Amino acid sequence: MTIYGVGEEMRTALITGISGQDGSYLSEMLLGKGYEVHGLIRRTSNYNLSNIEHIKDRIHLHYGDIENENHLCSILHEISPDEIYNLAAQSDVGVSFQIPEYTGLTTGMGVCRLLEAVKRFSPKARLYQASTSELFGNSPAPQNENTPMMPTSPYAVAKLYGHHMVRVYRESYGLFACCGILFNHESPRRGLNFVTRKITHAVAEIVSGKRQTLWLGNLDAKRDWGYAPEYVKAMWMMLQRDEPEDFVIGTGETHSVGEFAEYAFEVAGLDWLKHIEVDANNLRPNETRLLCADITKAKTLLHWQPDINFRGLVNIMVDADLKRIR
Ligand code: NAP
Ligand code: GDD
């Protein structure tokens, strides 16, 4: 099924970060709409494309790196995409404290390189930049598009640079470029380094007798967790509008890490208090304590809102990890 009118040409999309959680769901969605989908992947010594294995024959993969503007220029020159989704990033907030400079080069400067390449080779393309609720840091909740941005990590500072660069290129060169300020979104494809998947994976391992204990960090931090496939739809919707604008995307519901763990263990018939230990190595030098989205603008102008709530998300993730391990 396609979304195009009769006689309209197939649209082409380029996704950086196609092998990640969001890149894989976005690719599936765009293929379903009849797009020709291209993705940027890095060369790694170990095969790292499990999220897109099932669609690899239907997408076009290009080796490159968001750290190299030449790669970006030649891909844009070669494929002339209609839409570009910049999802590539060192996306682990905790790790960004250990490798701040590298995080700045990929998560921040990567956006600058891509914008320059777009300006030179694809000025008519529409660009989506993956901004984040981490930009808000500890500004009071609920956070919306007008909330002051006060990042609390090297990751968020790098994202803030990218966020403003998108605005600067939009205003200075007339690019159709916008940012989705997405709150945490999760799925069975979430990396094991993130707390939700770390928990649901551990639940499955405990159920199957592989281990007894899960070591976590700050159990009090609160996040607005949604379901990733619904969020990639919002990315696409932002690029279909007449004018480029930034949108906050989330659920408006917030829960602590402890609540996530408690419910995930409960779904599997376990008592979380018997299995969770706190390990100081999982604590961060600084923390965003409370995130909760105000999605009034997305509901009103984008006509987007999520269907899957907190409990629905935890059920999906625990079920998937239990199935995977059996
Ligand atoms: P993810 O699973 O960590 O995926 C990140 C992707 O970026 C991977 O495909 C990774 O490739 C790629 N990448 C990393 N460094 C790169 C480089 N130097 N050159 C090219 N590609 C590189 O992240 P995600 O959860 O899908 O999130 C997608 C984007 O949204 C990220 O920018 C993230 O910061 C942002 N975001 C995520 C959330 C969320 O809750 N998920 C919320 C707000 C914003 P490898 O597989 O080779 O590592
Ligand atoms: N990763 C991790 N591991 N986090 C833990 C742990 C642990 O063992 N224990 C507690 N936490 C807490 C973190 O301190 C944080 O407060 C919360 O769990 C969520 O951590 P992550 O799942 O790593 O996600 P994040 O909120 O830091 O960042 C994610 O969401 C951002 C959007 O708000 C990432 O996807 C970012 O890329 C994204 O921008």
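How many residues does α7 have, and how far does α7 reach from its first C-alpha to its last? Select α7, residues 228-239, to find out: α7 has 12 residues and reaches 18 Å between those two atoms, close to the 16 Å expected at 1.5 Å a residue, where the expected span is 1.5 Å times one less than the number of residues.

Before going further, note that this is a predicted model, in which local features need pLDDT of at least 70 and side-chain atom pairs count only at pLDDT 80 or more, while totals for chains, interfaces and linings use all residues. Residues are numbered from 1 along each chain as its sequence is written, chains are lettered from A and ligands numbered from 1 in the order in which they are written, and side-chain values use heavy atoms, with hydrogens and water left out. Helices (H or I, at least four residues) and strands (E, at least two) are DSSP runs, numbered from the N terminus.

Next select α1, residues 21-32, whose 12 residues should span 16 Å and whose end C-alpha atoms are 17 Å apart, which agrees. Here too 10 of the 12 residues are buried, so α1 is largely enclosed by the rest of the structure; the buried ones include Tyr25, Leu26, Leu30 and Leu31. The cover over the buried residues of α1 includes β1 (12-16), β2 (36-41), β4 (83-86), β7 (185-186) and α7.

Leaving aside neighbours within four places in sequence, Leu30 is in contact with Ala13, Ile15, Tyr35, Val37, Tyr85 and Trp236.

**Third stop: the two ligands**

Select ligand 1 and the 24 residues that surround it, of which the closest are Ser19, Arg42, Asp65, Ser91 and Tyr155; a residue is included if one of its heavy atoms lies within 4 Å. The largest share of this shell, 3 residues, comes from β5. Look then for polar contacts, which are pairs of N or O atoms within 3.5 Å: a polar side-chain atom of Ser91 lies 2.6 Å from an oxygen atom of ligand 1, and a polar side-chain atom of Lys159 lies 2.8 Å from an oxygen atom of ligand 1. The protein covers 89% of the 890 Å² of accessible area that ligand 1 has on its own, as computed by the Shrake-Rupley method with a 1.4 Å probe.

Move on to ligand 2, which 22 residues surround, the closest being Thr132, Ser133, Tyr155, Asn184 and Glu287. A polar side-chain atom of Ser133 is 2.6 Å from an oxygen atom of ligand 2, a backbone N or O atom of Gly217 is 2.7 Å from a nitrogen atom of the ligand, and an N or O atom in the side chain of Arg284 is 2.7 Å from an oxygen atom of ligand 2. Taken alone, ligand 2 exposes 720 Å², of which the protein buries 94%.

**Last stop: the loops**

Select Pro142 in the loop between β5 and α5, where a cis peptide bond joins Ala141 and Pro142, with omega about -5°. Then go to the loop between α9 and α10, which holds His303; His303 has a positive phi of about 60° although it is not a glycine, and His303 is exposed, with a relative accessible area of 63%. Asp307 lies in the loop between α9 and α10 (310-325), and its C-alpha atom is separated by 7.9 Å from that of Glu230, 77 residues apart along the chain.

Technical notes: Buried < 20%, exposed > 50% of the residue type's maximum accessible area, 1.4 Å probe, protein only. Contact = heavy atoms within 4.5 Å. Polar contact = N/O pair within 3.5 Å; in protein donor to acceptor, adjacent residues only side chain to side chain.
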